[in-house]
Amino acid sequence: MEQTASNRLAAVFAAIRQAVEAEKTHLSELDGPIGDADHGTTMALGFRAVDRALSASRDASPSVIFAQAAAAFLDAVGASTGPLYATGFRRAAQRLEGRVEFGPEEQVLTLEGIAGGIAERGKAQRGDKTMLDVWLPAAEAARAAFVRKQPLWPAVIETADRAAEATGSMVASRGRAARLGERSLGHLDPGAVSAALILRAMAGVLSPAA
């Protein structure tokens, strides 16, 4: 039987929670040299809250589900990551308004909404050594694949992994890592790494090959 959009999205967020839980220690270790060493713990807390909130949802539209995810994440995570992802999920909800399916076009709109919301809230851009260094090119890769009528997720994952790795050669100019200046060079940005992890979890549910 074909999954409803709400069931599919509940599965997406459950997969994200599981992936983040599995890597939370590693994410916090990445955060140690350039941040507060709590990125993994924070992300796990946020996505646990989202998973709990969505477990009670039945037949909600994609827009409503992302609005619920935004509220739950922000309630659980008051630090900077909370407002960033909450705004990203809200913008995704706005782009999905009136949609009842969650097919490839809706998936592209979601990635564009999340990337745009994070950029809007964080006032960052590509090259600042933040999670946007993954979200922005991943959204662009999804749109390009959709326009070419190709599968979205192989392109998204390849782009995200490459972009996360590239943050090791960047000097941070936004977020807590920016206070280190040149000393941030050589360290992967934990937000970019967790973004790639989230996208891989989404692909595991949404990719036809999964």
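Predicted model: local features only at pLDDT ≥ 70, side-chain atom pairs only at ≥ 80, totals over all residues.
Ring pairs link F13, F47, F66, F73, Y85, F89, F102 and W135 into a cluster.

## The aromatic cluster

The chain has 11 aromatic pairs in total. A pair of aromatic rings is described by the distance of the centres and the angle of the planes. The table gives both values.

| Pair | Centre to centre | Angle between planes | Kind |
|---|---|---|---|
| F66 and F89 | 6.0 Å | 55 degrees | tilted |
| Y85 and F89 | 5.9 Å | 45 degrees | tilted |

What does the pair of F66 and F89 tie together? F66 lies in helix α3 and F89 in helix α4, so the pair ties together parts that are 23 residues apart in sequence. F66 and F89 are both buried.

The pair of Y85 and F89 sits within helix α4. Y85 and F89 are 4 residues apart there, so about one helical turn separates them. Y85 is buried, and F89 is too.

## The overall fold

Now step back to the whole chain. It holds 8 helices and 0 strands. Read from the N terminus, the elements run α-α-α-α-α-α-α-α. The chain has 210 residues, and 53% of them are buried.

A14 belongs to helix α1. Its relative accessibility is 18%, so A14 counts as buried; the cut-off is under 20%.

## The nonpolar core

The largest nonpolar core has 66 residues. Which residues have the most contacts inside it? They are F13, F66, Y85, F89, W135 and L199. Eight helices each supply at least two residues of this core: α1 (5-31), α2 (39-54), α3 (62-76), α4 (81-95), α5 (104-122), α6 (132-147), α7 (152-166) and α8 (190-206). Helix α8 gives the largest share, with 11 residues.

Leaving aside residues up to four places away in sequence, F13 touches F47, V50, D51, L54, I65, F66, A69 and F89.

Start with α4. How many of its residues are buried? The count is 11 of 15, so α4 is largely enclosed by the rest of the structure. The buried residues are T81, G82, P83, L84, Y85, A86, T87, G88, F89, A92 and A93. Their cover includes α1, α2, α3, α5, α6 and α8.

Buried residues of α2 include H39, G40, T42, M43, F47, V50, D51 and L54. The buried residues of α2 pack against α1, α3, α4 and α8.

## A cavity inside

There is 1 cavity of 30 Å³ or more. The largest cavity has a volume of about 50 Å³. What lines it? The lining residues are F13, I16, F47, F66, Y85, F89, T110, I114, W135, I198 and M202. Helices α1, α4, α5 and α8 each supply at least two residues of this lining.

Several names return here. F13, F47, F66, Y85, F89 and W135 line the cavity, and these residues also belong to the ring cluster.

Most residues other than glycine have a negative phi. K123 has a positive value, with phi near 55 degrees. K129 also has a positive value, with phi near 65 degrees.

K123 is in the loop between α5 and α6. K129 is found in the loop between α5 and α6 as well. Is each one buried or exposed? K123 is exposed, with a relative accessible area of 57%. K129 is buried, with a relative accessible area of 1%.

Terms used: Residues numbered from 1 in each chain as written. Heavy atoms only, no water. Core = buried A, V, L, I, M, F, W, Y, C linked by side-chain atoms within 4.5 Å. Buried < 20%, exposed > 50% of the residue type's maximum accessible area, 1.4 Å probe, protein only. Contact = heavy atoms within 4.5 Å. Phe/Tyr/Trp six-rings, centres within 6.5 Å; stacked < 30°, edge-to-face > 60°. 1 Å grid on protein atoms, 1.4 Å probe; cavity = no way out; pocket = protein on both sides within 12 Å on 5 of 7 lines; lining within 4 Å. Points joined across faces, edges and corners; volume = space filled by probe spheres on them.
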